[in-house]
Amino acid sequence: MADTEVVRREEPFPATSPGPTVQRIQAPETDSIYVPDVDIYEDSERVRLMADMPGVDQTSMNVTVENNVLTIEGQARVDGPQGYELVGQEYGVGKYRREFTLSDAVEVQGIKARMQHGVLEVTIPKREEAKTRKIKIET
Amino acid sequence: MFELVTWPRNPWSIFDELESLQTDMNRTFTDLGYGRPWRGGATYPLMNVWSSTNGIIVDAELPGVDPKEVDISIRGDVLTLRGKVSAEGARKGEAYHRRERPTGEFTRTIQLPFRANEDAVKASYKNGVLRLTVSRSEEEKKKKIVVEAA
């Protein structure tokens, strides 16, 4: 199940909303799908999304936008060390996937994404009309 | 002088030991941020551990840290990982919609099944996963004892 949310400038900031709990879905091909933790920031010029996806490198990362839905998807990989036995496991290795609904305030053509150290950074510029304009108050 | 060292065969009990050690040690994981609770509880970073006769490999999920800022130390058979994660937060002029990624300082200790020196540790950081390879010294390697026929 995907988490869809609206990133809209006029939406009140979620100070106490609990958000979705971590979901772990068993996909039919027995690969687990994890929902990555994200931080979403916004300033007058752009929206910035940071997603934690450890174990994913940029070749196995997919960022797509379709009908104003931004989908981030990545396949984590681990090199199981040869000759070793797994004796303790606290995290699983699988796919990461999450979806977001973008509002009309953003300019999808200008989307940029980069991946470093298991963190995906997506920046989406705002449309000219949507950028905050400072209005001078006349005396 | 011999010291009997027991290493549990149950793959899950390695973390029972880690947990008890953690409550004794100073563990700070400040500011989980807003939004949903971090799935690891107060445990950070999450680790997967492999073992062989040559030593132990620990993989720790640490996306977005500067590996130079992670402090790795070994004293006897105790391995300690310390550092700071996602320190950046909001930039100037930004407001946030969601903050879910763990942020703050962390300290985590795990107990190895053998003693080791700091020069026995090799660390590498790839795609946000810190891999620590701790090799057993010759004295700590298990010796095969031949059972003689009576």
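Author: Strands here are DSSP runs of E of at least two residues, numbered from the N terminus. The model is predicted.

Reader: How many helices and strands does chain A have?

Author: Read chain A along the sequence. The pattern is β-β-β-β-β-β-β-β-β-β-β. The counts are zero helices and eleven strands.

Reader: What share of the residues of chain A count as buried?

Author: A residue is buried if 20 or more other C-beta atoms lie within 10 Å of its own. Chain A has 139 residues. The share that count as buried is 29%.

Reader: Which residues point the other way from Gly55(B), Ile57(B), Asp59(B) and Glu61(B) in S2(B)?

Author: Strand S2 of chain B covers residues 55-61. Seven of its seven residues are buried. Both sets that point from S2(B) are therefore buried, by the cut-off of 20 or more C-beta atoms within 10 Å. The residues asked for are Ile56(B), Val58(B) and Ala60(B).

Reader: Which residue stands opposite Asp59(B)?

Author: Look at strand S1 of chain B, residues 47-52. S1(B) and S2(B) pair in the antiparallel sense over six bridges. They form a hairpin with two residues between them. Opposite Asp59(B) in S2(B) stands Asn48(B).

Reader: What is the bridge partner of Val58(B) in S8(B)?

Author: Strand S8 of chain B spans residues 129-135. S2(B) and S8(B) run antiparallel, joined by seven bridges. In S8(B), the partner of Val58(B) is Leu132(B).

Reader: Among contacts in chain A between residues at least 6 apart in sequence, what share join residues at least 24 apart?

Author: A contact needs C-beta atoms within 7 Å. Take the contacts in chain A between residues at least 6 apart in sequence. The share joining residues at least 24 apart is 56%.

Note on methods: Residues numbered from 1 in each chain as written. Chains lettered and ligands numbered in written order. Predicted model: local features only at pLDDT ≥ 70, side-chain atom pairs only at ≥ 80, totals over all residues. Buried ≥ 20, exposed ≤ 12 C-beta atoms within 10 Å, placed from the backbone. Helix = DSSP H or I, 4+ residues; strand = E, 2+ residues; numbered from the N terminus. Pairing = 2+ DSSP bridges. Contact = placed C-beta atoms within 7 Å.
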